[in-house]
Amino acid sequence: MAGRRHGFRVSLGAKRLSPPAVLATIYALFIVLGAVVLRLPFSNFGNVTFSDALFTATSAVTVTGLVVVDTGSDFTVIGEVVIAVLIQIGGLGLMTFAALLLSMLGMTIGMPQRLALRDELGQTGLSELGALVRVVILVAFTVEALATAALMVVFVPQFGWSEGFWQALFHAISAFNNAGFSLFSDSLTQYVADPIVNITITLSFILSGLGFVVLADINKQRRWSKLTLHSKLMLSGTLFLIVFAWVLFALMEWNNPATLGSLENTPARLWASWFQAVTPRTAGFNTLDYSQMENSTTVMTLALMLVGGGPSSTAGGIKVTTLIVLVLATLAFFQRRERLHIFGRSLGMSEVMKVLALTALSLFLVFIGLFLASLTYAGDFIDLVFEVCSAFGTVGLSRGATGELDELGRAVIIAIMFVGRLGPLTLAFFLATQTTPKVRYPEGKVFLG
């Protein structure tokens, strides 16, 4: 790596790394570094192997939340702090912190760093990246501070000041970054009917799941009519998915004696329905046992995990805007229109092609990961499907299959979590080469459907 006065150039031999390759390399380095630290004696109580540490570090940096060991009992306080730091860095983005550090030191952010930062924040241009970084940091620390204060109301009386504060801070960081890590072995099931925990945790990951671009737009415009098309799509799409999933989850699980049916009153059932409806959108916490849910509920949860949250957010998945564009493209096809129209704006074929590529590549990666993981997995197949989709969407919800995976299965899940955090299109841009065709071929006809 060669240093310069106002920035640095990332190269490998004579070939300069592309921004997606830079992001992938930095994330991989932090995962390995995190695994090494978590494996050290002061980070765990002696029963954590390097495989466990590597899986945990990957899950933390990719803000997934899948675990193969119990975070609260197998890691020391130092280990828990390391996991929280990895979650924070991985959730907000490594290049975001790098850009903030360079700005604080009065150093100019060079073009290679701007390109990597642009890709990490999901932007198409380089303008106003500095302002967006400041919004990301300000919103994150503000929401986490407020969430910590709210959760202390519940945890301090239960655990005392020091442990109660740490429990509140850890879960606030994990919630805002959509990580799903919990210091309780049963996640948040003991707080299934607690309104403070339910509201604080869910609002934290819903807010961050909207995307920092949307939050910055709302702060700047303050009026619906002046919001960008992206913000309108994210807000309306998120509201629809939340209400739809909340109502459907309650209907399907209301009389299930292993889930909602086991709760003593209607308010508790409504709180549980709310939490389980919003947490598959890559949050990863749970207040009910997903392995005991109806098959229909599991299918709905799989779909929500694959959709995820918003671009330039702490969430994973193919993203809400991708789903909306897919629906609009389908409607436009049946209406014989070449452009998509919504909220007084139109979308061209380039957006549709990108969405189709993202969706196709995502499904391909999920199926490949499922095939590889199934080679050595002997448990229930639906549990494995759930685990793979959870890893790809960086969700962290589990039906228990993660703990039963062998080394091959763990390696597959690690790879899926890594790709899910970077984004399938980032991987595609990294692997793709841009060429200019020298020959123009005549158009042909292919019969579809």
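## Close-up views of a predicted model

View 1. The structure holds three cavities of 30 Å³ or more. A cavity here is a set of points, on a 1 Å grid over the protein atoms alone, where a 1.4 Å probe fits but cannot get out. Grid points are joined across faces, edges and corners, and a volume is the space filled by probe spheres set on the points. This is a predicted model: local features need pLDDT of at least 70 and side-chain atom pairs count only at pLDDT 80 or more, while totals for chains, interfaces and linings use all residues. Residues are numbered from 1 along each chain as its sequence is written, and side-chain values use heavy atoms, with hydrogens and water left out.

The largest cavity comes out at about 90 Å³. Its lining (residues with an atom within 4 Å of a point) consists of N178, F205, I206, G209, L210, T238, I242, V278, R281 and G309. Two elements give two or more residues to this lining: α9 (195-209) and α11 (229-253). Helices (H or I, at least four residues) and strands (E, at least two) are DSSP runs, numbered from the N terminus. The largest share, three residues, comes from α9. By class, the lining has five nonpolar, four polar and one charged residues.

View 2. A pocket, unlike a cavity, is an open set of grid points with protein on both sides within 12 Å along at least five of seven lines. Of the 26 lining residues, V67, S185, S187, N286 and S398 are the closest to the centre. The lining splits into eight nonpolar, 14 polar and four charged residues.

**View 3. F159 on F184, a stacked pair.** The structure holds twelve aromatic pairs; rings of Phe, Tyr and Trp (its six-membered ring) pair if their centres lie within 6.5 Å, and planes under 30 degrees apart count as stacked, over 60 as edge-to-face and the rest as tilted. F159 and F184 make a stacked one, at 5.8 Å centre to centre with 25° between the planes. F159 sits in helix α7 (residues 129-159) and F184 in the loop between α8 (161-176) and α9, so the pair ties together parts that are 25 residues apart in sequence. F159 is partly exposed at 25% relative accessible area, whereas F184 counts as buried at 10%. The cut-offs are under 20% for buried, over 50% for exposed and partly exposed in between (1.4 Å probe, protein chains only). Ring pairs also link F155, F159, F184 and Y191 into a cluster.

**View 4. Y290 and F386, a tilted pair.** The ring centres of Y290 and F386 are 5.9 Å apart and their planes meet at 45°, so this pair is tilted. Y290 lies in the loop between α12 (266-278) and α13 (295-307) and F386 in helix α16 (residues 381-392), so parts 96 residues apart in sequence get tied together. Both Y290 and F386 are buried.

View 5. V154 lies in helix α7 and is buried, with a relative accessible area of 13%. Leaving aside neighbours within four places in sequence, V154 is in contact (heavy atoms within 4.5 Å) with Y191, D194, I196 and V197. V154 and D194 are 40 residues apart in sequence, yet 8.8 Å apart in space, C-alpha to C-alpha.

View 6. Just after α10, R222 takes a positive phi of about 70°. The buried residues of α10 (residues 212-221) are F212, V214, L215 and D217. K319, in the loop between α13 and α14 (320-334), has a positive phi near 90° without being a glycine. K319 counts as buried at 17% relative accessibility, while R336 counts as exposed at 67%. R336 is in the loop between α14 and β5 (340-342) and has a positive phi of about 60°, again without being a glycine. R336 also lies over the face of F333, 5.6 Å from the ring centre; the test is NZ of Lys or CZ of Arg within 6 Å of the ring centre and within 35 degrees of the ring normal.

Methods
Ala, Val, Leu, Ile, Met, Phe, Trp, Tyr, Cys and Pro count as nonpolar, Asp, Glu, Lys and Arg as charged, and the others, Gly among them, as polar.
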